[in-house]
Amino acid sequence: MQKLEHFLEWGGVKKDIVLLVLSGLSLVASMFHLLPLPFDAAWVAIILCGIPIVLEAVIGLVTAFDIKADVLVSLALIASILIGEDFAAGEVAFIMQLGALLEDLTVAKARAGIEKLVHLTPQTARVLQNGGECLLPAEQVQVGDLLRVLPGETVPVDGVILSGQTSINQAVMTGESLPVDKGPGEEVSSGTVNQFGSFDMRATKVGEDSSIQRMIRLVQSADAGKAKIVGLADRWATWIVVIALTAAALTWLITGEIIRAVTILVVFCPCALVLATPTAIMAAIGNATKHGFLVREGDALERLASVSRIAFDKTGTLTFGTPQVTAVRSLCPDIPEDQLYALTAAAEGRSEHPLGKAVVRGYQQKTGQPVPQAEHFQMVPGRGVLARAENREVLAGNRELLAEHGISPEDPVQKEAEAFLNQGCTVIYVAVDGRMAGYLVLSDTLRPESRDMIDRVSSLGIRPVLLTGDHESAARTIAAALHIDEVHAGCLPEDKLKWIDFYQEQQQPVCMIGDGVNDAPALKRAQIGIAMGGIGSDIAVDSADIALVDDEVKELPHLLALSRRMMTTIKINLTFSMVLNFAAILLAMTGILNPVVGALVHNAGSVLVIIHSAFLLKWRVRRLN
């Protein structure tokens with residue numbers, strides 16, 4: 001389906017190009033009388049480009065009394081033909097076809113975010129029946145059924161763990177970068193992934209009530225609830241039609257010369273008005289592309305220019321989204337910190353847990369040496385690891401793992417570790433040869449450009465907001481480091497959606513920036529959605545209007561300023577075209593301009609609009625510092 005829609009979209013562009021080439025050649029032949037035809041060659045342009053415009057205008061008027069710019073274009077075409085000014089009619093049709101081509105080039109590509117969400121929906125479930133397991137379609141699971149989930153499987157429905165220890169990747173729902181340890185009595189959501197350890201659970205929410213199905217409905221409703229921007233030419237079309245018809249009618253009545261009235265319709269034809277927006281948008285999109293932004297919606301930059309708040313997801317957007325070792329603390333004089341780090345890395349050497357991998361990766365980056373080999377490796381799901389390294393017994397994990405082996409951190413150590421936990425960090429406790437030896441601190445780290453980017457965004461008068469699924473402590477720590485005053489933590493997808501709605505109901509349009517599946521509804525509902533294209537999920541990118549291809553958030557202030565510059569360019573284009581039109585009307589009323597010359601003067605204005613828009617291609621925001 002995606003390939004078909006893509007083909008049809010570019011088929012429309014190719015059709016516009018073919019029509020423009022044929023119409024342009026016909027106008028050249030008409031002007032210089034190159035072809036010995038029994039009719040004016042300009043009729044080729046009238047038929048190919050003009051008739052579709054007239055038909056669309058008639059259909060809009062008849063079916064919905066919808067007065068758009070093509071109504072005035074149709075009047076100019078018909079009037080020019082009636083008085084025998086075929087070249088003028090063909091020229092107007094040609095310019096309008098050029099505008100149609102530019103609009104087609106800025107149309108959004110077909111998106112498949114909802115379909116990809118559907119693919120995330122678990123298809124089967126292991127149901128415990130009659131002392132055994134049987135695989136059933138997930139939609140047949142009933143509330144109260146007992147299920148078993150093995151390592152690597154997706155949780156089929158919402159439920160409560162009855163037995164077993166595991167770690168769950170909840171990024172699809174919360175965006176959290178680290179898996180969450182779960183045990184009996186704790187809840188799990190459909191669509192999340194069981195990483196380590198099997199567990200049995202009781203189903204509590206199934207079918208349409210499950211978390212992943214609620215996510216799908218949120219994305220659908222968010223897309224339907226977002227208002228669409230109407231083109232400026234169409235927005236003003238009713239007034240333009242009234243003014244043009246009134247001026248033409250009065251001129252005809254006063255002078256008695258119909259050619260002057262027709263000339264008014266030709267020069268007032270909103271070609272430059274129609275070109276003002278798409279040419280500026282095309283140039284701005286080209287500029288944005290050079291700075292790493294893929295603009296997926298034609299009117300995305302127009303919407304971006306009006307935002308007053310910018311909402312950031314934390315993990316993967318302002319931070320790298322991967323845990324890193326930020327501190328190593330040894331509690332034993334005979335085990336220095338470097339040795340404690342090496343022993344922990346050795347114990348975690350064969351671990352598949354993201355925290356274990358982070359420890360190994362951090363040790364290798366810091367020392368430039370391979371991790372020491374360990375023996376008798378054992379992984380305890382939801383607890384940690386046990387291994388023998390350098391002839392020493394090493395335990396690395398949470399407090400529960402140490403407690404199971406009769407080891408308890410002393411109060412001063414516990415308070416010190418809790419200080420890190422309150423900052424949103426993760427602590428791995430380490431015991432060596434049966435005694436508490438120290439701990440390692442891991443945390444998600446800020447992108448180095450994030451603070452400067454936030455400051456520059458604030459300088460544009462746009463207020464930053466942090467919307468994250470992470471815990472309050474982690475969110476507050478990150479926000480303080482970035483000078484973000486407004487923080488909403490622990491947000492599920494529906495919570496982010498509610499905050500977006502809240503701000504926009506207060507007439508504060510929001511730009512949402514995120515990278516995860518859980519950000520998709522908010523990206524859809526916001527005035528404008530920007531997804532991290534490099535590390536972001538496919539669903540987040542499909543839900544967004546703009547994708548940041550290289551994940552360099554430092555260019556975000558440029559994009560915001562560019563959108564405003566684009567709107568300024570559009571307004572200048574519109575003002576210029578309208579002034580030119582009114583001046584041409586005065587000349588047409590006095591008989592100085594005839595339809596052909598009027599069309600040439602008018603279309604010269606269209607060319608100037610295109611040239612002015614082209615300056616956006618190389619525009620760059622100036623930094624004050």
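Q: Is F502 buried, partly exposed or exposed, and what is its relative accessible area?

A: This is a predicted model, so read each value as computed from predicted coordinates. Burial is read from relative accessible area: under 20% is buried, over 50% is exposed, and partly exposed lies in between. F502 has a relative accessible area of 38%, so it is partly exposed.

Q: Which ring does F502 pair with, and how is the pair's geometry read?

A: Look at two values: the distance between ring centres and the angle between ring planes. Planes over 60 degrees apart count as edge-to-face. The partner is W499. The two ring centres are 5.7 Å apart and the planes stand at 85°, so W499 and F502 are edge-to-face. W499 is partly exposed too, at 30% relative accessibility.

Q: Why are W499 and F502 about one helical turn apart?

A: An α-helix has 3.6 residues a turn, so residues three or four places apart point the same way. Here, W499 and F502 lie three residues apart in helix α19 (residues 493-505), so about one helical turn separates them.

Q: Which residues make up the aromatic cluster that includes W499?

A: W499, F502 and Y503 form one aromatic cluster.

Q: How many aromatic pairs does the structure hold?

A: There are five aromatic pairs. One of them joins Y341 and Y363. That pair is edge-to-face, with 5.5 Å from centre to centre and 75° between the planes.

Q: Which helices does the pair of Y341 and Y363 link?

A: Check where each partner sits along the chain. Y341 is in helix α13 (residues 337-347), and Y363 is in helix α14 (residues 354-367). The two residues are 22 apart, and the pair links distant parts of the chain.

Q: Are Y341 and Y363 buried or exposed?

A: Apply the 20% cut-off for burial. Y341 has a relative accessible area of 5%, so it is buried. Y363 comes to 8%, so it also counts as buried.

Q: What does the span of helix α2 show?

A: Compare the end-to-end C-alpha distance with the expected span. Helix α2 (residues 42-64) has 23 residues. Its first and last C-alpha are 32 Å apart, close to the 33 Å expected at 1.5 Å a residue.

Q: Where does α2 bend, and by how much?

A: The end-to-end span is one reading; the local axis is another. α2 bends by about 40° at G50. A proline, P52, follows within four residues.

Q: Which residues of α2 are buried?

A: They are A42, A45, I46, C49, G50, I53, A57 and G60.

Q: Where do positive phi values occur?

A: Look for the residue, then its place. H376 is not a glycine, yet its phi is near 55°. Its place is strand β13 (residues 374-380). E390, also not a glycine, has a positive phi of about 50°. E390 sits in the loop between β14 (384-389) and β15 (392-397).

Q: Are H376 and E390 buried, partly exposed or exposed?

A: H376 is at 62% relative accessibility, so it counts as exposed. E390 is at 43%, so it counts as partly exposed.

Q: What do the totals for the protein chain come to?

A: The secondary structure comes to 23 helices and 22 strands. Buried residues make up 52% of the 625 residues. Among contacts with a separation of 6 or more, 69% are between residues 24 or more positions apart. The accessible surface is about 27700 Å², and 59% of it belongs to carbon and sulfur atoms.

Definitions and conventions. Residues numbered from 1 in each chain as written. Predicted model: local features only at pLDDT ≥ 70, side-chain atom pairs only at ≥ 80, totals over all residues. Heavy atoms only, no water. Expected span 1.5 Å × (residues − 1). Bend = angle between axes of the 7 residues up to and from the residue. Buried < 20%, exposed > 50% of the residue type's maximum accessible area, 1.4 Å probe, protein only. Phe/Tyr/Trp six-rings, centres within 6.5 Å; stacked < 30°, edge-to-face > 60°. Contact = heavy atoms within 4.5 Å. Areas by Shrake-Rupley, 256 points an atom, 1.4 Å probe, with all protein chains shown as cover.
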